[in-house]
Amino acid sequence: MALNVEGLIPATVLPMTAEAEIDEAQLRRYIRWVSDQGPVALAINADTGEGPHLTHREKVRVVEIVADELNGKLPIVAGLGGPFTRQAVEQARDFKAAGAEAFLVFPISAYLSAPLNPEVPIRYHQAIAEVGLPLILFQLQPALGGVNFDPETLRALASIDGVVAIKEASFDARRFLDLVRVLEELPRPITLLTGNDNFIFESFVLGAQGALIGFGAIMTREQVRMIEAWRAGRVDEAKELGRRVQRLADVVFAAPVGDYRARMKEALAILGVIDTTYVREPLLPISAEDRDLLRRTLAEVGLLEMAAV
């Protein structure tokens, strides 16, 4: 399947049972729902799907379930997280065998040295690329366990065979714009995907060609329509959709930002897309006050009838 990343790629949630195990029936239902909203691919086992809190066997099983449910309808981008090179390569091979068509390569703890020797991420990505699937680089804000690369390292990573895109998720518009300029100077095109759930529409104004975001797991159709409107030059329509999308995104990604996973599940449950909102510890459920705020905001952005609030 050809990998088209110039559109919306939701980082999907992972419904769980009360015992914090994979709820396969709910996962299949959710994947059917989100895939029908118009995305160009799905990102599986990313942070939104609690990928860092799953065992390798569980991650493989999630990819298998999603691949079976999609049955070729959309490509699967599998989150890949090391933490060391040999293990990352083994994960990549297993995810490929399970049905993944690309990898979103997460930052790892070895990147946290300051300054970072560019050879560390370069050699890591090169080894993963040898598995033979396209790679999406990942610049992620430190608050979510990531790292912001310097321009020299970004240029070197973009030169690796197999790299097709970069997800920029610094949550910093200035840094995002700096990356736009780095990519403009490269000898071959690398697709810029926003991962900035705090300025989704504005990312496209600044130069994004697609979005690989956790917030894509909800209001999916609205974000697809927003991107389509922007590309078609219907700026006012895109801006209005962006305003609605951002209103809910700002509530979901409020401080502490780590609670966004639980908030996302709560919002999807309020909408009836999933049944349960369990997260795996050390993540915790949200408060009743946060749940009420989500319900009011869902009504405000037009996803929930006021009578139900």
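Author: A crossing is left-handed if the near helix is turned anticlockwise from the far one by less than a right angle, and right-handed if clockwise. Helices (H or I, at least four residues) and strands (E, at least two) are DSSP runs, numbered from the N terminus. Here, α10 passes α11 in a right-handed crossing.

Reader: What kind of model is this, and how are residues numbered?

Author: The model is predicted, with local features needing pLDDT of at least 70 and side-chain atom pairs pLDDT 80 or more, while totals for chains, interfaces and linings use all residues. Numbering runs from 1 along each chain as its sequence is written, and side-chain values use heavy atoms, without hydrogens or water.

Reader: At what angle do α10 and α11 pack?

Author: Axes are lines fitted to C-alpha atoms, for helices over the stretch in contact; angles run from 0 to 180 degrees between N-to-C directions. Helix α10 covers residues 260-270 and helix α11 covers residues 288-300. They pack at about 55 degrees, and their axes are 10 Å apart. So α10 is oblique to α11. The classes are roughly parallel under 35 degrees, roughly antiparallel over 145, roughly perpendicular from 65 to 115, and oblique for the rest.

Reader: Which residues of α10 and α11 make the contact?

Author: Contact means heavy atoms within 4.5 Å. From α10 come Arg263, Glu266, Ala267 and Ile270. From α11 come Asp290, Arg291, Leu294, Arg295 and Leu298. By class, this contact has 4 nonpolar, no polar and 5 charged residues. Nonpolar covers Ala, Val, Leu, Ile, Met, Phe, Trp, Tyr, Cys and Pro; charged covers Asp, Glu, Lys and Arg; the others, Gly among them, are polar.

Reader: Is Ile270 buried or exposed?

Author: Buried means under 20% relative accessible area, exposed over 50%, partly exposed in between (1.4 Å probe, protein chains only). Ile270 counts as buried because its relative accessibility is 14%. The residue lies in helix α10. Leave aside neighbours within four places in sequence, and Ile270 touches Arg291, Leu294, Arg295, Leu298 and Leu304. Ile270 and Leu303 are 33 residues apart in sequence, yet 10.0 Å apart in space, C-alpha to C-alpha.

Reader: What is the angle at which the axes of α2 and α3 cross?

Author: Roughly 25 degrees, with the axes coming within 8 Å. Therefore α2 is roughly parallel to α3. Their crossing is right-handed. Helix α2 (residues 56-70) contributes His56, Lys59, Val60, Val63, Glu64 and Ala67 to the contact. Helix α3 contributes Gln91, Asp94, Phe95 and Ala98. The class count is 5 nonpolar, 2 polar and 3 charged.

Reader: Which residues touch the most other members of the largest nonpolar core?

Author: A nonpolar core is a set of buried Ala, Val, Leu, Ile, Met, Phe, Trp, Tyr and Cys residues joined through side-chain atoms within 4.5 Å. The largest one here has 118 residues. Tyr30, Ile31, Phe103, Ile128, Phe215, Leu248 and Met264 touch the most other members. Helix α9 (residues 235-252) gives the most to this core, with 7 residues. Now take Phe215, leaving aside its neighbours within four places in sequence. Its contacts are Asp197, Ile200, Gln223, Val245, Leu248, Ala249, Val252, Phe253 and Met264.

Reader: Which residues in α4 are buried?

Author: Pro121, Ile122, Tyr124, His125, Ala127, Ile128 and Ala129. The buried residues of α4 pack against β3 (76-80), α3 (85-98), β4 (102-105), β5 (135-140) and α5 (151-158). Arg123 sits in this helix, residues 119-129. Arg123 is exposed because its relative accessible area is 56%. From Thr85, Arg123 is 38 residues apart in sequence and 8.4 Å apart in space, C-alpha to C-alpha.

Reader: What is omega for the peptide bond that joins Ala114 and Pro115?

Author: About 0 degrees, and the bond is cis. Pro115 lies in the loop between β4 and α4. A cis bond also joins Glu281 and Pro282, with omega about 20 degrees. Pro282 belongs to the loop between α10 and α11.

Reader: What is phi of Glu50, and what is phi of Asn71?

Author: Phi of Glu50 is near 60 degrees, a positive value in a residue other than glycine. Phi of Asn71 is near 50 degrees, also positive and also in a residue other than glycine. Glu50 is in the loop between β2 (42-44) and α2; Asn71 is in the loop between α2 and β3. Glu50 counts as buried at 0% relative accessibility, whereas Asn71 counts as exposed at 68%.
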